[in-house]
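Subject: A structure for you to look at

Hello,

Here is the structure I promised to pass on. Have a look around it first, then read my notes below.

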Amino acid sequence: MQKKGKLELTWVGKYDVQELEPRILVEDESKSYGDNDTGCMLIHGDNLLALRALENDFSGKIQCVYVDPPFNTGQAFDFYDDNVEHSIWLNLIHDRLAIMYRLLKKNGVLWMHLDDVEVHYCKVMLDEVFGRQNFVSHITYERSAVAGLGQGGYLVNTTEHILLYKKGILPEKVNYSYEEVGFNIIKRYNRFVSNFGTRKLIKEFKAKSNGEMVRIYEHSGVDIVTISLRDAQNREEEIKQLFAQHIETLFRGNRVQKENAFQNDIITQLDKNKFYSVDYVPSRGKYKDEETTLYYFNCELLSWLKDTTTLTEGKMTKSQKMTTLWKHGEIPKADIANEGGVYFPRSKKPEQLLRRIIDMSTEPGDYVLDSFLGSGTTAATAHKMGRKWIGIEMGEHAYTHCQIRLCNVVNGEQTGISKSVNWHGGGGFKFFELAEPLLVKNPKLPVYQINPSYTFDMVAEAICKIEGFTYAPEGEFHGHSSENRFIHVTMEFVNMKYIQSLMKNLGEHQSLLIYCKRMQSDMNLPVNVEVRRIPKDLLNKCNFEEVQE
């Protein structure tokens, strides 16, 4: 008999599937803030139940999910119990990832932020949930630099890990990283052209490589200014300001290599102490087949600082295509403790990190989801960048950190990325509590009953959610699952007369699901009508107990 195997990560409890109740969300208007019509949502409650609550309305609508769960390191954190037994942690993450996958759009992406304790296990798990072919990158994030000699351990750990997965096709973007350029590199370019003068054609010839014309121009009236580097150590900020002011025309000279026949042909035709420009079409390289201009001074080829360095937020930065190593210097973390005006030791991520992730993954107006919201960094950053966001947090700091921080963002607080994205406030969000279970055990009898805290409208909404209907009360109907299928919820006794009154509102080819507490037995129902009982038929749908990890 042939044995078939399956490559997967297994753990205790992996196949103990719970069909959880998709709870309803109840707005707490006292904690909602600003414009309520932005679509932004802050949810307090267990994130597994909250994710289930989002499925009906948001499946296939989220563009970017960022997951920064407790790392399971065994350390004692002020706000999290981060010492979960390994199998429990894997269950916790797997159940949530499965829902996140369903929430993502076809071209959506997920970023999973971990340290080296669980990252390798989680990689195998994500391969299983998303498909191994949808793995994009394993990013090494340098969260800090080595500080002095006091850090112990065989090797000093300064990094964390971000696993990137796509659901289908990645957004078409070329991504760049920016790192502040060291002063010792900048000061090599301490001359700039303040006036290029006028130029006169002095010679032209055909290039041997591609037959294109090469034209040499001599310039007159050129002004070249040298920035003094005297006492540079004490004048560093002053010199940096001068460099920033003249970044477009700062240059350094390069002696042409002997092996470069084309450049040497040009150099032999130039005079020392004169300024030239050469127009030509390269046959290879970065500017292949494009009209290009090179500049020469004192028989040296000029390199321009602007070709490798840009002025970003007042700083001289070097741009390069994004790699999978995100270095400490690329992502500013200055004053991270005060970002958003909330204190969240050791677990807080910098807004600049989330800015990079959100910018790479989304466009303005897209939805960003974070179900381990922590201090609210993801939501705060997304808000400032013009994205819609959904943040879920189960702890008390949903009130003490997230809600306060996001109110500050709406009011225009100026920490984090605010200045760099020109943020001055605006927008708003709704604050939701995760509702209690719809059905609870009777305190005296071994049966379930409707939760006494529920109003009728809450009951109707909850049943719509459990059955996969969109809750949209209109006339006799409380929701719909399509243009032709509707649902009606009632606490009244249902008989044929009651059903016939409802059917008057049904169109041709439309069907109806009715939920009621009591009904006439032995009814001869029309083929397009189904009647179910509360709570009996709901109990077969899902588990109404608290979440068990």
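Let me begin with a term: on a 1 Å grid over the protein atoms alone, a pocket is an open set of points where a 1.4 Å probe fits, with protein on both sides within 12 Å along at least five of seven lines, and its lining residues have an atom within 4 Å of a point. The model is predicted, so local features need pLDDT of at least 70 and side-chain atom pairs count only at pLDDT 80 or more, while totals for chains, interfaces and linings use all residues. Residues are numbered from 1 along each chain as its sequence is written, and side-chain values use heavy atoms, with hydrogens and water left out.

**The pocket**

The largest pocket has 35 lining residues, and those nearest its centre are Phe 262, Gln 263, Tyr 280, Pro 282 and Leu 294. Its space is about 1000 Å³, where a volume is the space filled by probe spheres set on the grid points, joined across faces, edges and corners. The lining consists of 15 nonpolar, 11 polar and 9 charged residues. Here Ala, Val, Leu, Ile, Met, Phe, Trp, Tyr, Cys and Pro count as nonpolar, Asp, Glu, Lys and Arg as charged, and the others, Gly among them, as polar.

At least two lining residues come from each of β10 (198-206), α6 (261-267), β15 (292-297) and β16 (300-304). These labels are DSSP runs numbered from the N terminus: helices are H or I with at least four residues, strands are E with at least two.

**The sheet**

An open, antiparallel sheet is built from 8 strands in the order β10-β11-β14-β15-β16-β13-β9-β12. Two strands pair if DSSP finds at least two bridges between them. At the edges are β10 and β12 (223-226), each pairing on one side only. Inside the sheet, β14 (residues 275-280) joins β15 through 6 antiparallel bridges, and Tyr 276 stands opposite Tyr 296 in β15.

**The cysteines**

How many disulfides are there? The count is 0, taking a disulfide as a pair of cysteine sulfur atoms within 2.5 Å. Cys 407 is in none, as the nearest cysteine sulfur, that of Cys 402, is 11 Å away. The sulfur of Cys 464 is too far for a bond because the closest cysteine sulfur, in Cys 542, is 14 Å away. Cys 464 counts as buried, at 0% relative accessibility; buried means under 20% relative accessible area, exposed over 50% and partly exposed in between (1.4 Å probe, protein chains only). Cys 407 is buried too, at 9%.

Happy exploring!
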